[in-house]
Amino acid sequence: MKFLVFADFHYARNRFSTVEQMRKIIEKAKKNNVDFIIHGGDFCNDYAHSPEIVNELMNSGIVFYGCYGNHDTEGKEDFMSFVSQFMTNDNKAVWGTSDGKIGDGNIGYFYADKGNLRIITVDTNHYYDCDTGELVRTATGLNMAPLKHKVRNCLGEKQLLWLEKVIDDAAKKDLHCVVVSHAGFSGLKGWEFAGASCDAQKVREIFNKANSRKKNTVIMSVNGHYHTDHLDVLDNMVYFDVNTLACGYWQVDKEPHYNDNHTFETYEYDNDGNEIRKIVRKFTDTFFADQTWYFDEPLSAIVEIDDEVNVKVSGMECDWLFGIAPSNVNGISGVGPYISSKEFSLK
């Protein structure tokens with residue numbers, strides 16, 4: 001099986017994110033004859049007002065599976081009841097509801113079987129309320145849990161039980177699982193900046209328990225969120241922290257680095273996502289321009305998994321846009337315009 005993976009597109013009309021970037025990803029997927037596409041969340045920061053990018057992926061002719069990122073319901077109208085329908089275009093996906101159907105969309109996790117793989121996407125946008133102890137999903141209009149709630153990026157017990165059940169079922173059917181999330185689960189040394197999900201240990205216990213019963217039941221965990229590149233093996237499975245598609249680095253403090261001569265082409269769209277006219281925008285007029293450094297090409301990787309459970313990740317390199325790199329990345333590993341290429345044998 002072969003698939004393309006990308007993460008953290010952060011599409012919105014008020015920033016450097018274009019339909020053309022998505023078209024390049026889809027063109028690459030078709031050129032490599034992939035079986036499907038995976039994205040690691042934060043695909044779109046404003047689904048309700050971005051039909052052009054939603055339609056581009058939904059109607060690409062390639063099956064895709066995405067997970068919820070922390071920015072995917074930050075738009076004021078981006079309720080899960082609206083956004084969930086855009087997490088996959090596979091009508092055979094089995095959702096985490098009682099009947100396996102998408103229902104009202106307020107359950108944001110599902111699985112689908114492709115060949116000998118089971119793609120499982122989970123929703124890490126939950127936190128435990130520090131006052132009540134209750135599990136809460138991050139509300140529409142917010143890009144993360146309020147800061148006072150420290151136990152975040154969780155699945156919660158109900159979703160953990162569902163995950164274990166789905167993985168056990170895959171083992172009975174001789175399927176290998178690829179688990180897709182936004183926050184990661186590796187806990188690998190050197191990835192400390194990534195800040196693994198607060199449920200990471202519980203998730204790894206589920207993975208390892210399944211693999212101890214039947215080897216290679218779970219072979220890969222794929223995540224986005226951190227805008228960094230990490231790729232390694234832990235407990236005989238691959239953990240892949242997928243770098244951002246284009247939003248290479250972001251920092252809190254403003255540091256002007258693009259000027260009025262730095263521009264890009266995009267389009268104005270009508271309410272249905274149809275192109276009205278081509279326009280040229282200045283980077284200095286875009287959202288968070290003084291705090292974001294971009295890549296000059298959209299990053300993605302091709303993953304191949306053969307019947308012998310050999311995993312080949314073919315990454316890529318590009319450059320910082322206009323050759324302008326951030327002056328201080330605070331020693332964070334994995335920051336840069338690249339996705340690693342590595343091969344692993346899990347047998």
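Predicted model: local features only at pLDDT ≥ 70, side-chain atom pairs only at ≥ 80, totals over all residues.
Two packed helices are described by the angle between their axes and the distance between the axes. Helix α2 spans residues 51–58, and helix α1 spans residues 19–31. Their axes come within 10 Å and cross at roughly 5 degrees. The two helices are therefore roughly parallel to each other. On the α1 side, the contact is made by V19, M22, R23 and I26. On the α2 side, E52, I53, E56 and L57 take part. By class, the residues of this contact divide into 5 nonpolar and 3 charged, with no polar residue.

The model also contains an open sheet of 6 strands. The strand order is β3-β2-β1-β17-β18-β21, and the pairing is mixed. Strands β3 (64–66) and β21 (342–345) stand at the edges. Each has a single partner strand, so one side of each is left without a neighbour in the sheet. From one strand to the next, the twist averages 20 degrees.

Helix α1 packs on this sheet as well. Its contacts there are with β1 (2–6), β2 and β17 (301–305). The direction of α1 makes about 165 degrees with that of β1. Angles over 145 degrees count as roughly antiparallel.

One is N33, with a phi of about 55 degrees. The relative accessibility of N33 is 63%, so N33 counts as exposed. Exposed here means over 50% relative accessible area.

The other is F322, with a positive phi of about 60 degrees. F322 lies in the loop between β19 (316–317) and β20 (338–339). With a relative accessible area of 39%, F322 is partly exposed.

Key:
Residues numbered from 1 in each chain as written. Heavy atoms only, no water. Pairing = 2+ DSSP bridges. Helix = DSSP H or I, 4+ residues; strand = E, 2+ residues; numbered from the N terminus. Axes fitted to C-alpha atoms, helices over the stretch in contact; angles between N-to-C directions. Contact = heavy atoms within 4.5 Å. Buried < 20%, exposed > 50% of the residue type's maximum accessible area, 1.4 Å probe, protein only. Parallel < 35°, antiparallel > 145°, perpendicular 65-115°, else oblique. Nonpolar A, V, L, I, M, F, W, Y, C, P; charged D, E, K, R; others polar.
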